Amino acid sequence: MIEQIAIAFENKDYKTAAKLLKPLLQDSPDNPWVVFYLARLHEVSGKYAEAEKVYRRLLLITTNNKIVTQTRQGLQRLEDIRKEEKQRAIAQATAEASNTELGVLILEPLDNEQKNLVAANFAQIMQLDAYTARLLLPTRSWKYYRAGRIGELKFYGMQLQQAGIPCFWITIKAIAQIQVYQVQYFSESQPKPTVICSDERNIVGSLTFDWAEVSAQVLGLLPIFEEVVDVNANRQFERKTKTQDYAQFCDLHLPQRHCILRMCDRSYDFHQSLEITPAANQNLTRSNWTPSVSQNTIRINWNNLVTWLTNYLPQATIWSDFTPFAETVLEQMEMLGNIQSHIHLFRREKTYWDPAFHLYSGLIFNKDMAQNH
């Protein structure tokens with residue numbers, strides 16, 4: 001009977017092969033040749049997932065060299081089919097010009113239990129080994145995964161989402177379209193806040209908005225690098241670039257106006273600003289206030305500013321995971337080189353920390369926009 005089934009397969013007479021195989025599946029379901037031809041029948045019927053399961057089970061129950069060889073050939077055929085289907089799907093997904101724009105695919109964090117459940121799915125979709133797949137899935141914060149054509153990233157992203165792996169994808173162009181205003185200081189807080197700010201052409205003006213318009217408050221530390229002279233192990237002097245300090249940033253997102261208000265502790269003018277203390281909820285103007293000695297440091301003033309803003313923004317989500325996100329993206333120099341940072345720190349040398357922060361804030365901005373529309 002097995003020989004007759006083999007002949008039927010050689011002649012591509014799958015109907016006869018199925019008819020011959022049916023009684024054997026009842027009488028000898030564990031016979032390796034019966035199991036093999038069941039897998040072949042699934043394969044030629046286009047039931048690739050079922051075929052793969054049966055082929056893999058067969059490798060566990062037989063040591064027959066001929067069956068093992070043919071089973072491995074079957075698995076290779078399935079892999080080739082999967083690759084061809086994926087390439088066709090990607091070609092279709094990137095056929096339109098808008099789908100060829102540069103974008104990024106971001107993985108969202110999972111708890112350890114979820115991570116264990118979906119790691120195998122991640123490995124299969126992205127063609128990784130199980131160990132690498134588990135290492136790549138984040139548990140702390142967002143993780144940059146890859147850049148590429150947005151159509152291709154969407155293709156992978158939708159598969160990942162369907163497999164229970166949270167992720168999203170955004171074009172670099174969408175981030176570039178956000179207007180960024182550099183805030184010099186707040187001049188009013190009530191009934192509506194007003195900021196004195198400059199646009200990307202460095203034109204200074206004022207902007208009045210409602211506190212309720214702010215959807216997110218994004219905090220981040222950007223390292224300040226200095227060249228220092230150090231003594232090496234051989235007691236020789238050498239110049240090194242080290243992190244000497246950090247600049248603190250706070251972005252306020254105004255999605256209705258499609259803009260970000262960006263503040264930095266090194267450029268915010270506390271002397272021109274209205275009074276900012278953690279308890280200051282009344283409408284004070286800059287003429288009401290002279291900074292006290294206890295507030296005469298940037299750090300204290302900045303902490304007061306952030307706390308003051310938080311008091312006014314109970315509806316805004318606070319995002320403060322920039323540093324762990326940045327650690328996943330800093331090596332992507334080509335992609336970050338396409339991002340205008342809108343960071344105006346004095347730098348002796350170019351650093352990718354600056355565009356990384358704008359990318360982080362821009363991702364939050366666009367993800368919130370997508371969820372609210």
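**Close-up views of a predicted model**

View 1. Val 180 stands opposite Ile 260, a residue of β9. This is a predicted model, in which local features need pLDDT of at least 70 and side-chain atom pairs count only at pLDDT 80 or more, while totals for chains, interfaces and linings use all residues. Residues are numbered from 1 along each chain as its sequence is written, and side-chain values use heavy atoms, with hydrogens and water left out. Strands β4 (residues 179-188) and β9 run parallel and are joined by four bridges (two strands pair if DSSP finds at least two bridges between them). Helices (H or I, at least four residues) and strands (E, at least two) are DSSP runs, numbered from the N terminus. Six of the six residues of β9 (residues 259-264) are buried, so the strand is largely enclosed by the rest of the structure. Here buried means under 20% relative accessible area, exposed over 50%, and partly exposed in between (1.4 Å probe, protein chains only). Cys 259, Leu 261 and Met 263 cover one side of β9, with Ile 260, Arg 262 and Cys 264 on the other.

**View 2. Aromatic pairs.** You will find 23 aromatic pairs in the structure. Among them is Phe 9 with Tyr 37, a stacked pair at 5.3 Å centre to centre with 25° between the planes. This pair links distant parts of the chain, with Phe 9 in helix α1 (residues 2-10) and Tyr 37 in helix α3 (residues 32-44), 28 residues apart. Both Phe 9 and Tyr 37 are buried. For Phe 155 and Tyr 156, the ring centres are 5.3 Å apart and the planes stand at 70°, so this pair is edge-to-face. The rule is that rings of Phe, Tyr and Trp (its six-membered ring) pair if their centres lie within 6.5 Å; planes under 30 degrees apart count as stacked, over 60 as edge-to-face and the rest as tilted. Phe 155 is buried at a relative accessible area of 19%, and Tyr 156 is buried at 8%.

View 3. Arg 146 lies over the face of Tyr 156, 5.2 Å from the ring centre. Likewise, Lys 367 lies over the face of Phe 168, at 5.3 Å from the ring centre. A charge sits over a ring if NZ of Lys or CZ of Arg is within 6 Å of the ring centre and within 35 degrees of the ring normal. Phe 168 also belongs to one aromatic cluster whose members include Trp 142, Phe 249, Trp 319 and Tyr 360.

**View 4. Helix α13.** Of the 19 residues in α13, 17 are buried, leaving the helix mostly covered.

View 5. A cis peptide bond, with omega about 0°, joins Gln 190 and Pro 191; Pro 191 is in the loop between β4 and β5 (194-198). Gln 127 is not a glycine, yet has a positive phi of about 55°. Gln 127 belongs to the loop between α6 and α7 (130-136) and is partly exposed, with a relative accessible area of 43%. His 342, also not a glycine, has a positive phi of about 55°. His 342 lies in the loop between α12 (333-336) and α13 and is buried at 7% relative accessibility.
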